[in-house]
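Subject: Structure handover and notes

Dear colleague,

Here is the structure I said I would pass on. Please look through the sequence and the model first; my notes follow below.

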Amino acid sequence: PRPATKILAPPPAAQPRRRFWWAAPIAACVGLLAGVVVDRQLGRPEPVVIAVLVDEAGVPQAVIEDFGDDTAALRFVADVAVPEGRTMQVWTLPTAETGPVSLGVVDDVADTRLVAPPLPRPAALQLYEITIEPAGGSPTGRPTGPILGKGLAVAQAG
């Protein structure tokens, strides 16, 4: 009699790899922090707080550095698709009493310096977010569109 034929599973290289799904967000955060360190070594001003804005899946989309002098820097770390006729708007929530305040409208994914209205000094755990709004920004002065990314600020030493 002939021996039975053994059916083999596909080789591991042909199977999808999902073991390290968590590595991409961690690598992005490490890269962001390295960029911040390089900025500081080049003599750029120190931010009061930094927030990494993540989408609903936890993937980093952008970083905001708030300098506490009515300016903030926005740096995208992911490709972002904005629908035709829409724009991105950056918000912060300095206090519950003031509600969300716009830091500005952003038309493209590029490093951007934002100039905000006078606000209280930024603090740890202050909320920052980017929403997709109609061209020109929110018609109500409050966030109306879907959230592209949001995060809580971390105070910087200094």
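Is Leu 125 buried or exposed? Leu 125 is exposed, because its relative accessible area is 63% (buried means under 20% relative accessible area, exposed over 50%, and partly exposed in between, with a 1.4 Å probe and protein chains only).

Before the rest, the ground rules. This is a predicted model, in which local features need pLDDT of at least 70 and side-chain atom pairs count only at pLDDT 80 or more, while totals for chains, interfaces and linings use all residues. Residues are numbered from 1 along each chain as its sequence is written, and side-chain values use heavy atoms, with hydrogens and water left out.

Overall layout

The protein has one helix and nine strands (helices are DSSP runs of H or I with at least four residues, strands are runs of E with at least two, and both are numbered from the N terminus). Starting at the N terminus, the order of elements is α-β-β-β-β-β-β-β-β-β. Of the 158 residues, 34% count as buried. Among contacts between residues at least 6 apart in sequence, 55% join residues at least 24 apart (contact means heavy atoms within 4.5 Å).

Nonpolar side chains tend to be buried together in soluble globular proteins. The largest nonpolar core here has 21 residues, of which Leu 74, Phe 76, Met 88, Val 90, Tyr 128 and Ile 130 touch the most other members. At least two residues of this core come from each of β1, β2, β3, β4 (86-93), β5 (101-106) and β7. A nonpolar core is a set of buried Ala, Val, Leu, Ile, Met, Phe, Trp, Tyr and Cys residues joined through side-chain atoms within 4.5 Å.

Leaving aside neighbours within four places in sequence, Leu 74 is in contact with residues including Ala 62, Ile 64, Val 90, Val 106, Leu 114 and Ile 130. Val 106 itself is found in strand β5 and is buried, with a relative accessible area of 3%. Not counting residues up to four places away in sequence, Val 106 touches Leu 74, Phe 76, Thr 87, Met 88, Val 90, Thr 112 and Leu 114.

A buried threonine

Thr 92 sits in strand β4 and counts as buried because its relative accessibility is 2%. What does the side chain of Thr 92 reach? It reaches the backbone oxygen of Leu 127, at 2.9 Å. Beyond its neighbours within four places in sequence, the contacts of Thr 92 include Leu 103, Leu 119, Leu 127 and Tyr 128.

Two positive phi values

Most residues other than glycine have a negative phi. Leu 125 has a positive phi of about 70° although it is not a glycine, and its place is the loop between β6 (112-115) and β7 (127-134). Asp 70 also has a positive phi, near 70°, and lies in the loop between β2 (60-66) and β3 (71-76). With a relative accessible area of 31%, Asp 70 is partly exposed.

The cavity

There is one cavity of 30 Å³ or more, and the largest cavity holds about 110 Å³ of space. (On a 1 Å grid over the protein atoms alone, a cavity is a set of points where a 1.4 Å probe fits but cannot get out, and lining residues have an atom within 4 Å of a point; grid points are joined across faces, edges and corners, and a volume is the space filled by probe spheres set on the points.) Its lining has 16 residues, and Asp 66, Asp 70, Leu 119, Pro 120 and Pro 122 lie nearest the centre. The lining divides into eight nonpolar, four polar and four charged residues (Ala, Val, Leu, Ile, Met, Phe, Trp, Tyr, Cys and Pro count as nonpolar, Asp, Glu, Lys and Arg as charged, and the others, Gly among them, as polar).

Val 54 is in strand β1 (residues 49-54) and is partly exposed at 25% relative accessibility. Leaving out residues up to four places away in sequence, Val 54 touches Val 59, Pro 60, Gln 61, Leu 148, Gly 149 and Lys 150. Leu 152 lies in strand β8 (residues 147-152) and is partly exposed, at 46%. Its contacts, apart from neighbours within four places in sequence, are Ile 50, Ala 51, Leu 125, Gln 126 and Leu 127.

Regards

Key
On a 1 Å grid over the protein atoms alone, a cavity is a set of points where a 1.4 Å probe fits but cannot get out, and a pocket is an open set with protein on both sides within 12 Å along at least five of seven lines; lining residues have an atom within 4 Å of a point. A polar contact is a pair of N or O atoms within 3.5 Å; within protein, one must be able to donate a hydrogen and the other to accept it, and residues adjacent in sequence count only if both atoms are side-chain atoms.
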